[in-house]
Amino acid sequence: MSIIMHRFLIVVLALLGALVLFSLLYALLGKRFTDKIVAANMIGTLGVNMTVVLAILIGADYILDVGLVFALLSFLMVIVLCRIVQNHVLTKQRESESRTESEARSGTEEVRP
């Protein structure tokens, strides 16, 4: 590998590392939980990219297998987080519907002496 390619890959790794830090900052400062999910997905994707660049830089093919496993785990992480958010939203909707129904029942009932 030429020295120019070696330096280029080092610069790419540094830029990907900076992007991971910015994504982590976005995850910490995001107002909504969905912002945090997007940031976690971005960190996982950038981690896979860094693993691939590192495999090219070192010249070790087995590191690509590690990157593939990391990509699958990152995908599963996002699916689980989305499922948690979906269950949370559905629970809130069910609670508000049950409160509305109970208020409607108590308002329509007639009081008999």
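Tutor: Thr51 is buried, with a relative accessible area of 16%, where buried means under 20%, exposed over 50% and partly exposed in between, computed with a 1.4 Å probe on protein chains only. The model is a predicted one, in which local features need pLDDT of at least 70 and side-chain atom pairs count only at pLDDT 80 or more, while totals for chains, interfaces and linings use all residues. Residues are numbered from 1 along each chain as its sequence is written, and side-chain values use heavy atoms, with hydrogens and water left out.

Thr51 lies in helix H2, helices being DSSP runs of H or I with at least four residues, numbered, like strands (E, at least two), from the N terminus. Setting aside residues up to four places away in sequence, Thr51 touches Ile63, Val66 and Gly67, contact meaning heavy atoms within 4.5 Å. H2 has 26 residues and reaches 37 Å from its first C-alpha to its last, close to the 38 Å expected at 1.5 Å a residue, the expected span being 1.5 Å times one less than the number of residues. Besides Thr51, the buried residues of H2 include Asp35, Ile37, Ala39, Gly44, Leu46 and Val53. Just after H2, Gly59 takes a positive phi of about 85 degrees.

Ser23, which is found in helix H1 (residues 3-29), is itself buried, with a relative accessible area of 9%, and beyond its neighbours within four places in sequence it is in contact with Ala39, Met42, Ile43 and Leu46. Leu46 also belongs to the largest nonpolar core, which it makes up together with Leu9, Leu13, Leu16, Val53 and Leu57; such a core is a set of buried Ala, Val, Leu, Ile, Met, Phe, Trp, Tyr and Cys residues joined through side-chain atoms within 4.5 Å. H1 and H2 (33-58) each supply at least two residues of this core.

H1 and H2 pack at an angle of about 165 degrees with their axes 9 Å apart, the axes being lines fitted to C-alpha atoms over the stretch in contact, and the angles running from 0 to 180 degrees between N-to-C directions. The two helices are therefore roughly antiparallel, because angles over 145 degrees count as such, those under 35 as roughly parallel, 65 to 115 as roughly perpendicular and the rest as oblique.
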